[in-house]
Amino acid sequence: MDVTVVGSGPNGLAAAVICARAGLSVQVLEAQPTFGGGARTAADPEFSGVSHDICSAVHPLALASPFFTEFDLAARGVQVNAPEVSYGNPLDDGPAAIAYRDLDRTCAELQDGSSWKRLMGPLVADSAAVVRFLLGDKRSVPSGLTTVARLGLRMAGQAGPAWNAALTGDDARALYTGVAAHTISRLPSVTSAGAGMMLATLGHTVGWPIPVGGSQAITDALIADLIAHGGELAADTPVSTPPGGVVLFDTAPTALLSIYGDALPTRYAKALGRYRFGSAAAKVDFVLSGEVPWSDPRLATTPTLHLGGNRQQMAQAEADVAAGRHAQRPMVLAALPHLVDPGRIDAGGRRPMWAYAHVPAGSTVDQAEAVTATIERFAPGFRDIVVAVRSIPAAGLTHHNANYVGGDIAAGGNNAWRAITGPTPRIDPWTTPIPGVYLCSAATPPGAGVHGMAGYYAARTVLRREFGIRQLPNLAP
């Protein structure tokens, strides 16, 4: 076997697909009984017609990333529906803030839409440059330097204490803060500003799409292509000793400590020992009997929701979590996939609701009631439509994905510095000092998200360094 990929998340599968298409023999080893890592879908244990996304549910990056653009999910039969409404943020004391794919409509419904237009307009006009830079390898001169400069200025403005200066109105500030909070980190910060800029830009371009049938559809398309090019996969196959040949790890970098042990160079082992994971998410899935009774009826067509209130409330909640405390009103992300995929509604009218609550690292606290109360806060009567609740505390997420240490769904990758350097400072962050061993997980640039780009860059390095292949294969169907 030329190449072994450990872990079958989107990055691992992307790397495997590229290597297989380059003519190499490839195997993927997965510890879980199902493939996909952060892009998996499973039937509800009681209502089999209802399915839940195990980790990610909404995929703007899957439509925007250079890897998936070339891979072309649509041509492979994956239907990814982008709704008219990208995301919404209900507020306690007024109408919700809503981001439509149409930038002008978004601005028209905000208290002062002109400030949102000034912030986002230039980035939306050249969104390709924004994506190329933020999902780039950070080692190449970016194209679209004017847009990159504008992006940098806007990130700087939203990364510090003057973050209110560019946006006028509680609704616009909340709208941006909700997307920035995806990093589960202090607000404001460089990390949250970068994520906010990219996700908000995509909200007005490709939208925030949901795959028909769930996130598993993306995984299945990658697997089908891998098999078609001679690749092999094995589930229920944890790796505890070094595989032979060239190996790419779509794992938390700390997994190398137990797998390689004394074979690790001392300095590298110490660096991995100092690796720190971030704050966490606790998963709560609902089975609902009907539509959520939002106070703002415009949210009835909004599949993705940021349920944290206004900017100050979200910033306080994230500060509490970063300090190791459970927030009194946690930041909650939620999605209602049936709004763009009616097939997610079973014969009895039941449908899934996907949600996360941000919590301190390693939290063992069940967040079912906290998330229910948060939704009820903006949708009185929500409790009346809840048929079942499936809750996993942050500390339990490692049972579903070993990369999520302490419940950190980014495997430590939501960090601006690591988005440049990788888990340890290296010129080529996808390499390790162990001959033939590479990293391709969210802990390597460009960081977390279902975009496949960490796998793309790692495969590029492997092909060049190990096999002398400098031309990447065509990824089109």
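User: What does buried mean here, and how exposed or buried is Cys440?

Analyst: Buried means under 20% relative accessible area, exposed means over 50%, and partly exposed lies in between (1.4 Å probe, protein chains only). Cys440 has a relative accessible area of 0%, so Cys440 is buried. This is a predicted model, where local features need pLDDT of at least 70, side-chain atom pairs count only at pLDDT 80 or more, and totals for chains, interfaces and linings use all residues. Residues are numbered from 1 along each chain as its sequence is written, and side-chain values use heavy atoms, with hydrogens and water left out.

User: How many disulfides does a search of the whole structure find?

Analyst: The search finds 0. A disulfide here is a pair of cysteine sulfur atoms within 2.5 Å. Take Cys440: the nearest cysteine sulfur is that of Cys19, 9.1 Å away, and Cys440 is in no disulfide.

User: Why does Cys107 count as buried?

Analyst: Its relative accessibility is 11%, so Cys107 counts as buried.

User: What makes the protein chain as compact as a globular protein of its length?

Analyst: Start with its make-up: 16 helices and 16 strands. These are DSSP runs, numbered from the N terminus: helices are H or I with at least four residues, strands are E with at least two. The radius of gyration is 21 Å, close to the 23 Å from the globule rule for 477 residues, so the chain is as compact as a globular protein of that length. That radius is taken over C-alpha atoms, and the rule is 2.2 Å times the number of residues to the power 0.38. Of the 477 residues, 60% count as buried.

User: What do the buried residues of α16 pack against?

Analyst: They pack against α1 (10-21), α3 (66-71), β10 (246-249) and β16 (437-439). Contact means heavy atoms within 4.5 Å. Among the buried residues of α16 are Ala454, Thr461 and Leu463.

User: Where is Pro473, and what is Pro473 in contact with?

Analyst: Pro473 is in the segment after α16. Leaving aside neighbours within four places in sequence, Pro473 is in contact with Ile18, Arg21, Ala22, Glu70 and Leu463. The C-alpha atoms of Pro473 and Ala22 are separated by 5.5 Å, yet the two are 451 residues apart along the chain. Pro473 has a relative accessible area of 14%, so Pro473 is buried.

User: Why is the pair of Phe249 and Tyr260 called edge-to-face?

Analyst: Rings of Phe, Tyr and Trp (its six-membered ring) pair if their centres lie within 6.5 Å; planes under 30 degrees apart count as stacked, over 60 as edge-to-face and the rest as tilted. A search of the whole structure finds 10 aromatic pairs. The centres of Phe249 and Tyr260 are 5.9 Å apart and their planes are at 75°, so the pair is edge-to-face. Phe249 and Tyr260 are both buried.

User: What makes Tyr456 and Tyr457 an edge-to-face pair?

Analyst: Their ring centres are 5.5 Å apart and their planes are at 85°, so this pair is edge-to-face.

User: How far is the charged end of Arg311 from the centre of the ring of Trp163?

Analyst: The distance is 3.8 Å, and the charged end of Arg311 sits over that ring. The term needs NZ of Lys or CZ of Arg within 6 Å of the ring centre and within 35 degrees of the ring normal.
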